[in-house]
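Trainee: I would like to learn how to read a structure, one feature at a time. Please show it to me first.

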Amino acid sequence: MNRSRLAPGAGIVTAPGDRPVLRTSEGEFLRIDTGHVGPGELVDRLTEGEGQVSSAELDRLVAAFEEAGHAVTEPRRPPLTGRTVHLLGDPVLTEPLARFAAAEGAEVQSASADDVAGLAGRRDTALVWCLDSPVPEGLWDEADRLPARHTAWLRCHREGAHTWTEPLASAPGDVTAAHVRLRRLAATAAHRELAAYWAGHRTPDTGPHPTEPAAALIAALLTADLIAWASGAPHRGSGLPARRRLRRIDLRDLTVTEHPVLPVPEIAPLPAPTARTAP
């Protein structure tokens, strides 16, 4: 039988002359009513102590910790265990992302543009496409179809000194790359210029390219989005959910700003014109 241990991030704090307090993984402090159980007995039972003492009251106390999620009996599984992540794009970004995703338990595989259509319909699978440049017209059209078949789709790209990480899409109705383009065009008065920039009517790129710290930051943010997808949780703590969050990373000072973005509803086609008869 596996012994209970404090959950990752949780701990028991004992101030001199006071009762023990549980510090949760979220940073809250909760007083513990140990009843007739000695605080040392509880600590030993939930840590690497000997924990030889056992009683029905101690068992009930430990069971309460487990029920509330503050103690676990099984070793922690990496959050991306059982998930496959296909990486495509520029090595300056995909290489650190491959390391981070693998460290969190993912099976990481390289992909090519020709592989994208074949990933459709694979649940527990994500495609991540990272570009150190603007996105050429039409490049992500095929990948935008993946969420409708329940394959996760995550991407990032650079425009000048800014790298954008777009919302993770994993289900029909999620935000696609096409939606992000439409929302960004609608949000700026320079929509014609932005569209021309995306279409390639611009001078040669002068960077800046991601440095090693910048690439690590971008990879960490993408990994966090993958973890949110794998856990099924909309988000943790404050901030926007991963499926509705557009981030902009300034490569000059590594500041990150978040912007909410929603999918763009489909518009019904206009009715065909009816022929008029001459009076």
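**Reading the chain**

Mentor: Leaving aside neighbours within four places in sequence, G207 is in contact with R158, G160 and A161. Contact means heavy atoms within 4.5 Å. Before going on, note that this is a predicted model, in which local features need pLDDT of at least 70 and side-chain atom pairs count only at pLDDT 80 or more, while totals for chains, interfaces and linings use all residues. Residues are numbered from 1 along each chain as its sequence is written, and side-chain values use heavy atoms, with hydrogens and water left out.

Trainee: Where is G207 found, and does G207 count as buried or exposed?

Mentor: Buried means under 20% relative accessible area, exposed means over 50%, and partly exposed is in between, with a 1.4 Å probe and protein chains only. G207 has 11% relative accessibility and therefore counts as buried. G207 is found in the loop between helix 5 and helix 6. Helices (H or I, at least four residues) and strands (E, at least two) are DSSP runs, numbered from the N terminus.

Trainee: What is the peptide bond from G207 to P208 like?

Mentor: Most residues other than glycine have a negative phi, and most peptide bonds are trans. The bond from G207 to P208 is cis, with omega near 0°. P208 lies in the loop between helix 5 (191-198) and helix 6.

Trainee: Which residues other than glycine have a positive phi?

Mentor: H150 is one of them, with phi near 70°. H150 lies in the loop between strand 8 (125-130) and strand 9 (152-159), and at 31% relative accessibility H150 is partly exposed. L254 is another, with phi near 60°. Its place is in the loop between strand 11 and strand 12 (256-260), and L254 is partly exposed at a relative accessible area of 34%.

Trainee: How many helices and strands does the chain have?

Mentor: The chain has 6 helices and 12 strands. The radius of gyration of the chain is 25 Å, well over the 19 Å that the globule rule gives for 279 residues, so the chain is more spread out than a compact globule. The radius is taken over C-alpha atoms, and the globule rule is 2.2 Å times the number of residues to the power 0.38. Along its principal axes, the C-alpha trace spans about 95 × 55 × 35 Å.

Trainee: What can contacts say about the chain as a whole?

Mentor: Among contacts between residues at least 6 apart in sequence, 60% join residues at least 24 apart. G89 touches T94, W129 and C130, not counting residues up to four places away in sequence. At 36% relative accessibility, G89 is partly exposed.

Trainee: How many salt bridges are there?

Mentor: A salt bridge is a side-chain nitrogen of Lys or Arg within 4 Å of a carboxyl oxygen of Asp or Glu. By this rule the count comes to 14. One of them joins the side chains of R145 and E142 (3.0 Å, N to O).

Trainee: Which parts does the salt bridge of R244 and D174 tie together?

Mentor: The side chains of R244 and D174 meet at 3.6 Å, N to O. R244 lies in the loop between helix 6 (212-231) and strand 11 (245-250) and D174 in the loop between strand 10 (162-165) and helix 4 (177-187), so the pair ties together parts that are 70 residues apart in sequence. R244 is partly exposed, with a relative accessible area of 24%, whereas D174 is buried at 3%.

Trainee: Which residues do salt bridges that share partners join into one network?

Mentor: Start with R247 and D225, whose side chains meet in a salt bridge (3.0 Å, N to O). R247 lies in strand 11 and D225 in helix 6, so this pair ties together parts that are 22 residues apart in sequence. R247 is buried, and so is D225. Salt bridges that share partners join D225, R245, R247 and E258 into one network.
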